[in-house]
Amino acid sequence: MKTNTIKTLHENITNGLHGEVTIPGDKSISHRAVMFGAIARGTTEVTNFLQGADCLSTIDCFRRLGIEIENTPDKIRIHGKGLHGLHAPSSVLDAGNSGTTTRLISGILAAQSFETTLTGDASIRKRPMRRIMEPLSLMGADISSVNRNDCAPLHIKGKSLHGIHYRSKVASAQVKSAVLLAGLYADGETKVTEPVISRNHSEIMLRYFGADIRTEGHTAIVRPNPDLTGQSVNVPGDISSAAYFIAAGLCVPNSEILIRNVGINPTRDGILKVAQAMGGDITLLNEKHDGEPTADLLVRSSSLHGITIEGDIIPTLIDELPIINIMAAAAEGTTVIKDAAELKVKESNRIDVMVEYLSAMGADITGTDDGMIITGGRPLHGAVIDSHMDHRIAMSFSIAALLAQGETIIKGSELVEISYPSFYDDLHNLRR
Ligand code: S3P
């Protein structure tokens, strides 16, 4: 990836944003297709795979573990070798900027017959890994932080694992998935109970690959030693990427955007509920409900008003909170976001970073222990934004720049490569 690319954006949209955008594949689902394909027997074919840097990190890790993966423009093909088919890598595994790669692969590596060291970029090496080290250790794993700071690099020595019932303090699909993947290799049933249900893509896709997995309320339960079989996976568009165009369509006056083929899994669709509760005009068209549900979203400019966002909805929109902050700054009245302390441990501390740069653009925003309070309606002006190694910060402030007077400079704009490589092209194509 290029580093420190600067993007300069001006407010010069007089006639609004118009047209269609087809959002690239879902990041969470793309990661899982590679991982589950690698530990299944036979070939897994994935269409609409997200060719973002994070998912390419997952491919790279599994290639180093001995899995052949063909990456062609229209599909990727993973030649899986079954649960016990991975080989010791000849070098350290590098997860890049990807928390999903780091945490999920740890669950698989904890059960192998070899040792691995897993690292990532400067952002990953600051993110908390105790949350997976604890449950995996309870299962009997030998997993340690090389620098003894509970962060990557992680050293993982494969062991035989025991089934456990893990009651997680955080609603985290990465933690849940790491434990469930380790549970595939355990000597008995493994259960994970979450305080609030997090995204359930692992449960849906593992079942599709043949795992014996079920959910009871907030608990996911997996039985060990399944015969996983390679499958065809068509990845829906990523609602987290669609969120930038939802916000742009609602907040830029005179806009109408059709966003095609967006995943609307109920564990991910909080952005739609919040945008509608704020007064946003969003129509779902062409809904499909087999496997992962999808729809096209027709978004029209709307007068938004502030709301309170808290409780069980938070995990369903956790990655969208930065762009929801921008919507709140454009809305009339006050938006209060609570129960979102997890924002502090994402690719950046998203409470601090949003407060710093939305304030710099003239917004009224205050950070709290578990969220923020934004009183909208103040005119925004351009500013210099540092993305802090966080793709969602770069994209959120690119949309804020469209709502501001004057020039906004986004430092680190190349970070869109992580989850949405064609972001600036797609945004540009909606102008006329
Ligand atoms: C993800 C889970 C979420 C989310 C991340 C992707 C996943 O993280 O923020 O972008 O694919 O499982 P947490 O598990 O830390 O909540």
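In strand E14, Val 233 is the bridge partner of Val 46. The model in which this pair is found is predicted.

E3 and E14 are part of an open sheet of four strands, ordered E4-E5-E3-E14, in which the pairing is mixed. At the edges stand strand E4 (68-71) and strand E14 (232-234), each of which pairs on one side only. On average, neighbouring strands of this sheet are turned by 15° against each other, with direction ignored. As a general point, the strands of a sheet pair through backbone hydrogen bonds, in either a parallel or an antiparallel sense.

A helix accompanies this sheet. Helix H1, made of residues 27-38, lies across E3, E4, E14 and strand E5 (75-81), and runs at about 30° to E5.

The next feature is a pair of helices. Two packed helices are described by the distance between their axes and the angle between those axes. For helix H7 (residues 239-251) and helix H9 (residues 321-330), the axes come within 9 Å and cross at roughly 5°. Angles under 35 degrees count as roughly parallel, and H7 and H9 are therefore roughly parallel to each other. On the H7 side the contact is made by Ala 243, Tyr 244, Ala 247, Leu 250 and Cys 251, and on the H9 side by Ile 323, Met 327 and Ala 330. Sorted by type, the residues of the contact of H7 with H9 are eight nonpolar, no polar and no charged.

The backbone remains to be considered. Most peptide bonds are trans, and most residues other than glycine have a negative phi. The peptide bond that joins Ala 152 and Pro 153 is cis, with omega about 0°. Pro 153 sits in the loop between strand E8 (142-145) and strand E9 (154-157).

Asn 254 is not a glycine, yet it has a positive phi of about 65°. This residue, Asn 254, is in the loop that lies between H7 and strand E15 (256-263). With a relative accessible area of 51%, Asn 254 is exposed, the cut-off for that class being over 50%.

His 388, also a residue other than glycine, has a positive phi near 55°. The loop that holds His 388 lies between strand E23 (384-386) and helix H11 (391-403). The relative accessible area of His 388 is 32%, so this residue is partly exposed.

Terms used
Residues numbered from 1 in each chain as written. Predicted model: local features only at pLDDT ≥ 70, side-chain atom pairs only at ≥ 80, totals over all residues. Heavy atoms only, no water. Pairing = 2+ DSSP bridges. Helix = DSSP H or I, 4+ residues; strand = E, 2+ residues; numbered from the N terminus. Axes fitted to C-alpha atoms, helices over the stretch in contact; angles between N-to-C directions. Contact = heavy atoms within 4.5 Å. Parallel < 35°, antiparallel > 145°, perpendicular 65-115°, else oblique. Nonpolar A, V, L, I, M, F, W, Y, C, P; charged D, E, K, R; others polar. Buried < 20%, exposed > 50% of the residue type's maximum accessible area, 1.4 Å probe, protein only.
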